[in-house]
Amino acid sequence: MSARRQLSFDDLGTPLVEATLVVVDLETTGTDPAGDAITEIGAVKIRGGEVLGEFRTFVDPARPIPAYIASLTGITDATVAGAPAAATALAMFLDFVGDAALVAHNARFDISFLRAQAARCEIGWPNPQVLDTLALARTVFRRDEVRDHKLSTLAAHVGASVAPDHRALSDARATVDVLHTIIERLGSQGAATLEDLSSAHRRAAPVQLRKKHLAGSVPSVPGVYRFLDAHEQVLYVGTSRNLRSRVRTYFTAAETRRKVLDMLPRAESIQVIECATPTEAAVRELRIIAAEKPPANRHGLTPQKALWLRLGSGTEGLRAARLAREEDDGSAQIGPLASRHDVEPLRGLLTDAVLGRGASFERGTARTLPRGGHRDRIRRAMLTDPREVLDHVATRMRAHTAAGRYEDAESLRRLTGTFLDAARRADRLRAISAVPLLVAARPSTEAVIGGRGWELLAVRHGRFAGTALVPARADPLAVARSLAVTGTGEAELAAPMCQGHHQETEILLTWLDSDGMRTVLVEGEWSQPARARFDLAHLAERFALTSPGPGA
């Protein structure tokens, strides 16, 4: 038996000296993320023991600050008057964070508030790695050394340069000093990577320790990794910008998912597919999962079973459909839908808006429609212009709020968001599936020879056809012409609305939405669908689709 190479920490994770961390602290109106609001955000960005920058802003909580909170923090209603709204403040903070890991003392409190605020503002939460100095301190500082693990106690114990005072930036600065002491102590015990630090207060399972050698030969490149059993059957598939760093986490205490821990005893090897770009890796991952259906994967197993809401041709009304079809016969479809439970509410929303309140509950109304005006109006709302539906929703929401039925108003607003999301997804899939070839370029986020250059992407009928990285001083047009003759077989797999591969297409559409994207070559016609047409955030104010609560 050949000897197994002893893995070093540098081989298996992000060295702490290279990791960018943002230490954050919040002040709030209370302790309930669902019912209370943020009043102040303070954060310090650090790397390798050096401070890279600081962030602080008050936040308008859109509600009175309780007297006891004002007494504790010194933040009053007057303090936050004129402060940025929560959506603006959160967007500014997330821009400051970038792709850094977050650190907080009692991180569950701060992160739950940030997540809840993001959900209320309909801002996507980036799901960064999170370190909790409270949990780490309980491992590092025993009770015979400190009387408790409060931030004030720890800051005094380590000689922090700033004393915490229930203000966000001061508390974040104090947490930085506590964190540095924790890193120093754990470093002497062998913790040298971000992954080691994140799991230092937990213990890896025995199976993780036994199988840790499997990560030994994984390279630090973008790509796809596959866990294989003794018969080389695929157990689990994933992707990462840095395969070595990602795969390492499966053998640390940071990995607690039951599906992974159940898979590891059967794993005998890890196979990697190196990719030119993370976009290629994401597409390859989806295709492998769809083809091989690994038992430990769930997402992406059956993309062909997407569910649509279809307005049929002739007198056929609205119904659920598993197969997307061409729409040149007067039919229309929106989706894919997130859940089959959305079908009936959406059918009711559309028919009520066009035929009148309660029409959807009349026998057969939603399933059969007369030819002519009603059908044309529903089709227009689904394909190009949702204003009639939004006007109807605004009227009903005003009635609900006037009568104090705030939950009904919010439920209707969420349903409207579901409709607009389904219509927008279909709009984008419809547009890209009709394009025989599109080659686009954007500034590369990857290091290439000669510095950062261009990342090129070729798409055929919404399917990935190829990608390449071009150095800054090279001619991207020559590479684009080469991509234009690759992946021609993808055209044979074209389907209406990208049926069966919509997840892949939406990855490509996100890429095409990115800053700095330029169209290089195109066959047919291509233009990005107007985002505002089916965008709830853009339309909410215009159509009064924000449901006020009882205190508004």
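Residues are numbered from 1 along each chain as its sequence is written, and side-chain values use heavy atoms, with hydrogens and water left out.

So, confidence. That's pLDDT, the predictor's confidence in each residue, from 0 to 100. The protein chain averages 88, and 89% of the residues score at least 70. Residues 1-12 are below 50, and beyond near neighbours in sequence that stretch has 18 contacts in the model, a contact being heavy atoms within 4.5 Å. Where pLDDT is low, the predicted coordinates should not be read in detail.

On to the first sheet. Helices (H or I, at least four residues) and strands (E, at least two) are DSSP runs, numbered from the N terminus. Two strands pair if DSSP finds at least two bridges between them. Here we have an open sheet of five strands, in the order β3-β2-β1-β4-β5, and the pairing is mixed. At the edges sit β3 (50-58) and β5 (130-132), each pairing on one side only. Neighbouring strands are turned by 25° against each other on average, direction ignored. For angles, axes are lines fitted to C-alpha atoms, for helices over the stretch in contact, and angles run from 0 to 180 degrees between N-to-C directions.

Look at the β5 end. β4 (residues 101-104) and β5 run parallel, joined by three bridges, and Ala104 stands opposite Asp132 of β5. Helix α4 (residues 107-120) packs on this sheet too, touching β1, β2, β4 and β5, with its direction at about 80° to that of β1. Then there's α3 (residues 86-97), which lies across β1 (20-28), β2 (38-47), β3 and β4 and runs at about 175° to β3.

Next, α7, residues 168-187. Its axis and that of α6 (residues 151-158) come within 9 Å and cross at roughly 60°. That makes the pair oblique; the cut-offs are under 35 degrees for roughly parallel, over 145 for roughly antiparallel, 65 to 115 for roughly perpendicular, and oblique for the rest. On the α6 side the contact includes Leu151, Leu154 and His157, and on the α7 side Asp171, Val178 and Arg185 are among the residues.

What about α5 (residues 133-140)? The axes of α5 and α7 come within 10 Å and cross at roughly 45°, so these two are oblique as well. Thr133, Leu136, Ala137 and Val140 of α5 meet Thr175, Leu179, Ile182, Arg185 and Leu186 of α7.

Last stop, the other sheet. Four strands make an open, antiparallel sheet in the order β14-β13-β12-β15. Its edges are β14 (463-470) and β15 (518-523); each has a single partner strand, so one side of each is left without a neighbour in the sheet. Five bridges join β12 (residues 437-443) to β15, and Leu438 has Val522 as its bridge partner in β15. Two helices to point out: α12 (residues 278-292) packs on the sheet against β12, β13 (454-460) and β14, its direction making about 150° with that of β14. And α17 (residues 476-483) touches β12, β13, β14 and β15, at about 25° to β13.

That's my tour, thanks.
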